[in-house]
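The sequence and the model are shown first, and the description follows.

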Amino acid sequence: MKIVIDNAIPYISGVLEPYASVAYRPADAISRQDAADADVLIIRTRTRCDSSLLEGSSVKLIATATIGFDHIDLDYCAAHGIRVVTAQGCNAAGVLQWAAAALAALAADEGWHPRQKTLGIVGVGHVGSLIEQYARMWGFRVLRCDPPRQQREGGDFLPLEQVAAEADILTLHTPLDETTRHMADSRLIGIMRPDAVLMNAARGEVADTAALIGAPQRLVLDVWENEPRIDRRLLQKAFIATPHIAGYSAQGKANATAAAVRAVADRFSLPLGEWYPPQATPVERRPITWEQMCDTIGGRFDIAAQTLALKSSPDTFEQMRNNYRLREEYF
């Protein structure tokens with residue numbers, strides 16, 4: 001068995017070698033030649049898996065160490081018997097703490113308490129649900145928009161336009177598909193209050209760059225269209241700007257790698273079904289007050305310093321992302 005692995009995936013080196021021939025490649029260098037005789041690809045978002053990579057290959061499983069799957073042609077994979085496994089929910093707590101750091105920075109800069117603010121959450125899955133839980137604990141009024149969940153469950157989900165109109169802070173946590181591409185466009189921005197804040201830690205393409213550049217709202221951005229070649233005007237406009245590392249916690253990465261390894265173990269009956277990276281320590285979710293969070297988050301994640309670094313050296317976006325020092329989760 002041959003396995004090709006993105007060489008930026010942490011904790012995985014040496015784990016699968018007893019059972020397979022393993023090749024490590026940079027994400028953007030995984031080629032059709034690599035895939036031709038591979039049984040498994042273990043990748044991240046930077047590797048596009050479609051016919052140009054997979055045609056004529058022996059790939060049977062693609063395990064992506066990410067929650068998103070818009071980089072994978074699911075229809076092609078289904079038609080060619082290739083199983084696709086994602087790491088859904090792996091980095092929810094990491095994104096929560098990115099959002100917490102951003103909210104704390106906004107509150108310090110603008111002088112408010114969550115009791116004075118309405119937070120609109122668009123996309124209430126693993127990440128959005130966790131942000132909702134802590135936001136309510138901190139005192140925010142929370143409005144939720146999630147059309148797929150509303151269709152399945154009913155409940156108090158609201159239309160996107162209503163949430164956008166009422167929110168002081170609108171945060172996006174949707175997958176990228178044809179229903180969400182450029183969801184945050186000039187029309188939606190026109191519905192939002194000019195003094196509101198738009199946060200995006202979903203996918204860059206969920207928001208229209210041109211609309212964001214012209215928006216009066218403050219912007220908090222972790223994801224960008226055309227990464228890593230991001231728009232410099234948008235970068236300089238953003239209040240918070242990070243290089244797609246919102247979910248980059250040690251535990252989130254460990255969860256993602258474990259999900260990929262377990263997918264391989266399940267498909268090929270390997271004795272790794274309960275494997276978890278020994279280098280990472282799982283963290284139990286626990287309550288934390290707004291004041292406690294604001295007092296401690298800077299020591300765990302200096303989001304202002306990360307913003308300055310990216311604005312000072314945008315050409316190193318990918319290096320910053322690939323060499324990012326993983327944060328430890330603590331709530």
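## Helix contacts around α4

In this predicted model, residues Gln-97, Ala-100, Ala-101, Leu-103, Ala-104 and Ala-107 of helix α4 are in contact with Trp-290, Met-293, Cys-294 and Ile-297 of helix α12. By residue class, this contact comprises nine nonpolar residues, one polar residue and no charged residue. The axes of α4 and α12 (residues 290–300) come within 10 Å and cross at roughly 95 degrees. The two helices are therefore roughly perpendicular to each other.

## The five-stranded sheet

An open sheet of five strands is arranged in the order β2-β1-β3-β4-β5, with parallel pairing. Its edges are formed by β2 (21–25) and β5 (83–85); each has a single partner strand, so one side of each is left without a neighbour in the sheet. On average, neighbouring strands of this sheet are turned by 15 degrees against each other, direction ignored. Helix α11 (residues 250–268) packs on the sheet, where it touches β1 (2–6), β3 (40–43), β4 and β5. The direction of α11 makes about 160 degrees with that of β4.

| Parallel strand pair | Bridges | Residue pair |
|---|---|---|
| β1 and β3 | three bridges | Val-4 and Leu-41 |
| β3 and β4 | four bridges | Val-40 and Leu-61 |
| β4 and β5 | three bridges | Leu-61 and Arg-83 |

## The six-stranded sheet

A further open sheet consists of six strands in the order β7-β6-β8-β9-β10-β11, with parallel pairing. Here β7 (141–145) and β11 are the edge strands, each with a single partner, so one side of each is left without a neighbour in the sheet. Strand β6 (residues 118–122) pairs with β7 in the parallel sense over five bridges, and Thr-118 has Arg-141 in β7 as its bridge partner.

Leu-221 is placed in strand β10. Its relative accessibility is 1%, so Leu-221 counts as buried. Leaving aside residues up to four places away in sequence, Leu-221 touches Trp-98, Asn-200, Leu-212, Leu-234, Ala-238, Ile-240, Ala-241 and Thr-242. One of these, Ala-241, is 20 residues from Leu-221 in sequence, while the C-alpha atoms of the two are 5.1 Å apart in space.

## Backbone features in the loops

Most residues other than glycine have a negative phi, and most peptide bonds are trans.

The peptide bond joining Glu-227 and Pro-228 is cis, with omega about 0 degrees. Pro-228 is located in the loop between β10 (218–221) and α10.

His-182 is not a glycine, yet has a positive phi of about 55 degrees. It belongs to the loop between β8 (169–172) and α8 (186–191). With a relative accessibility of 29%, His-182 counts as partly exposed.

His-244 likewise has a positive phi, near 55 degrees, in a residue other than glycine. This residue lies in the loop between β11 and α11. At 11% relative accessibility, His-244 counts as buried, the cut-off for that class being under 20%.

Methods: Residues numbered from 1 in each chain as written. Predicted model: local features only at pLDDT ≥ 70, side-chain atom pairs only at ≥ 80, totals over all residues. Heavy atoms only, no water. Pairing = 2+ DSSP bridges. Axes fitted to C-alpha atoms, helices over the stretch in contact; angles between N-to-C directions. Contact = heavy atoms within 4.5 Å. Parallel < 35°, antiparallel > 145°, perpendicular 65-115°, else oblique. Nonpolar A, V, L, I, M, F, W, Y, C, P; charged D, E, K, R; others polar. Buried < 20%, exposed > 50% of the residue type's maximum accessible area, 1.4 Å probe, protein only.
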